[in-house]
Amino acid sequence: MADYIAELVEHIKAKNPAQPKFIQAVEEVLPTLKPVMDKHPEYRKAKILERITEPERVIIFRVPWEDDKGEYQVNRGFRIEMNSAIGPYKGGLRFHPTVDLGTLKFLAFEQVFKNALTTLPMGGGKGGSDFDPKGKSDAEVHRFCNSFMIELWRHIGHNTDVPAGDIGVGGREIGYLFGMYKRLKNEYTGVLTGKGINWGGSLIRPEATGYGAVYFAGEMLETRGETLEGKTCLVSASGNVAQYTVEKLLDLKAKPVTLSDSGGYIYDEGGIDRKKLKFVMELKNVRRGRIKEYASKYKSAVYTPIDPKLDYNPLWNHKADCAFPSATENEINKKDAQNLIKNGVYVVSEGANMPTTREGIDIFLAKKILYGPGKAANAGGVAVSGLEMTQNSLRYAWPREEVDRKLYEIMKNIHRVANETAAHYGVPGNYVAGANIAGFVKVADTMLDLGMYS
Ligand code: NDP
């Protein structure tokens with residue numbers, strides 16, 4: 001079986017040149033599925049691995065728009081409809097200059113397993129554009145979103161494909177996209193999640209990914225009879241996931257000490273408290289400024305700009321107990337992983353998608369720290385998106401406490417299932433294998449039930 005998987009990985013590499021992140025995700029997942037493939041020859045016979053690594057559909061389109069100077073701009077738009085075995089395609093839209101086909105295929109592939117873990121009926125998808133919202137005026141973002149939806153609307157629907165936000169796509173962008181969809185389709189349905197509360201959004205959706213990553217860390221700690229109280233935590237980024245990670249850490253009496261953006265990071269030894277977090281939220285969500293300003297405002301903090309010459313990220317080189325990578329893929333490399341361990345970190349809960357390289361993961365697993373991979377630890381966002389879809393179908397809104405309780409229960413369940421599955425397949429404590437296998441089995445069994453042509 002190991003040969004079959006290795007050969008298949010080589011085949012996928014040859015078939016998808018210039019998609020290194022997609023290959024990285026496939027290389028991370030497929031080998032961990034060996035024990036389940038050994039046990040279930042029917043999966044191999046039905047070519048489940050070959051099918052699950054091939055998107056059902058890829059849509060690539062031109063997005064022309066006009067900037068404030070009256071000049072025409074052209075970006076590329078994508079939607080990867082990866083797998084709809086267990087429900088409509090579901091996954092975010094990313095607007096970032098690094099977006100390309102391979103990046104979105106990796107995210108869509110991960111999403112298939114993640115969505116299955118939530119227990120909610122959602123298939124996997126992802127989309128976005130190489131458009132960079134940073135430095136653009138509101139009017140430019142509005143025009144871009146309108147143009148993007150003028151093509152995307154014909155491919156999505158509340159029972160077909162339900163996009164959400166991701167990097168560069170927050171409440172503002174979802175609003176513009178939903179407004180255009182509503183007008184084109186003449187229909188008011190839950191076709192997007194992450195909507196505003198007045199127009200079909202769910203309470204706790206903005207908080208869900210960050211809260212969920214913290215709940216997951218709490219569950220991992222509980223296996224050792226510990227809690228987050230008093231733990232020093234390194235958090236990267238300062239976007240949606242990072243902000244609500246910090247908020248929940250404060251609720252649970254932990255001490256977050258770092259935040260960052262693509263310009264650099266701040267280290268606040270005394271801890272980021274609620275007042276400082278409020279400042280960050282206003283800085284990032286309203287003024288759309290840089291994290292550097294934090295250190296000008298709070299003298300307890302030190303700002304370190306990114307040094308492209310370094311082969312490690314100094315943010316991960318501080319004494320701490322826990323780390324919450326919340327920026328982007330491959331932000332923890334081998335050296336960062338070694339630095340984290342050296343500095344006493346023994347809990348890593350990934351808010352971002354694939355933030356740790358293969359070499360970094362190997363170090364975490366070898367050291368047997370509590371390592372929660374993104375597809376399990378950050379599933380809270382899509383889980384509450386699933387709850388938003390349910391509320392839209394019911395035309396009803398649950399109160400904040402109820403959604404938060406459901407989110408907590410889902411994260412607890414994902415942790416339990418990943419932990420039990422890892423133990424069942426002979427790799428106790430390995431949440432990577434546990435999450436991959438548990439997500440895979442649900443989708444694979446459904447693909448068998450639905451037949452080859454589904
Ligand atoms: P936001 O756009 O709200 O914030 C992104 C943050 O990451 C910003 O602080 C940004 O800094 C930083 N960042 C992005 N790219 C880089 C980079 N190359 N180097 C350094 N910093 C970077 O995005 P989210 O918080 O929504 O998403 C963060 C991560 O969480 C992503 O990996 C996303 O896929 C994942 N995720 C998000 C979910 C959600 O519900 N939003 C759900 C599950 C996963 P700057 O502003 O300078 O670019």
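**View 1. Burial of residues in the predicted chain.** In this predicted model, 51% of the 454 residues of the chain count as buried. The secondary structure comprises 18 helices and 13 strands. Of the contacts between residues at least 6 apart in sequence, 74% join residues at least 24 apart.

**View 2. Overall dimensions of the chain.** The C-alpha trace spans about 65 × 55 × 45 Å along its principal axes. For 454 residues, a compact globule would have a radius of gyration near 22 Å, and the 21 Å of the chain therefore agrees with that expectation.

View 3. The chain is divided into domain 1, residues 56-190, and domain 2, residues 208-377. Between the C-alpha centres of domain 1 and domain 2 there is a distance of 27 Å. Eight residues of domain 1 and seven residues of domain 2 take part in the contact. On the side of domain 1 that touches domain 2, five residues are nonpolar, one is polar and two are charged.

**View 4. The shell around the ligand.** The ligand is surrounded by 22 residues, and the closest are Gly239, Asp261, Ser262, Ala352 and Gly381. Sorted by class, this shell contains 15 polar, five nonpolar and two charged residues.

Notes. Residues are numbered from 1 along each chain as its sequence is written. This is a predicted model: local features need pLDDT of at least 70, side-chain atom pairs count only at pLDDT 80 or more; totals for chains, interfaces and linings use all residues. A residue is near a molecule or strand if its C-beta atom, placed from the backbone, lies within 6 Å of it. Ala, Val, Leu, Ile, Met, Phe, Trp, Tyr, Cys and Pro count as nonpolar, Asp, Glu, Lys and Arg as charged, and the others, Gly among them, as polar. Helices (H or I, at least four residues) and strands (E, at least two) are DSSP runs, numbered from the N terminus. The radius of gyration is taken over C-alpha atoms; the globule rule is 2.2 Å times the number of residues to the power 0.38. A residue is buried if 20 or more other C-beta atoms lie within 10 Å of its own, exposed if 12 or fewer, and partly exposed in between; C-beta atoms are placed from the backbone. Two residues are in contact if their C-beta atoms, placed from the backbone, lie within 7 Å. Domain bounds come from an automatic or database domain assignment.
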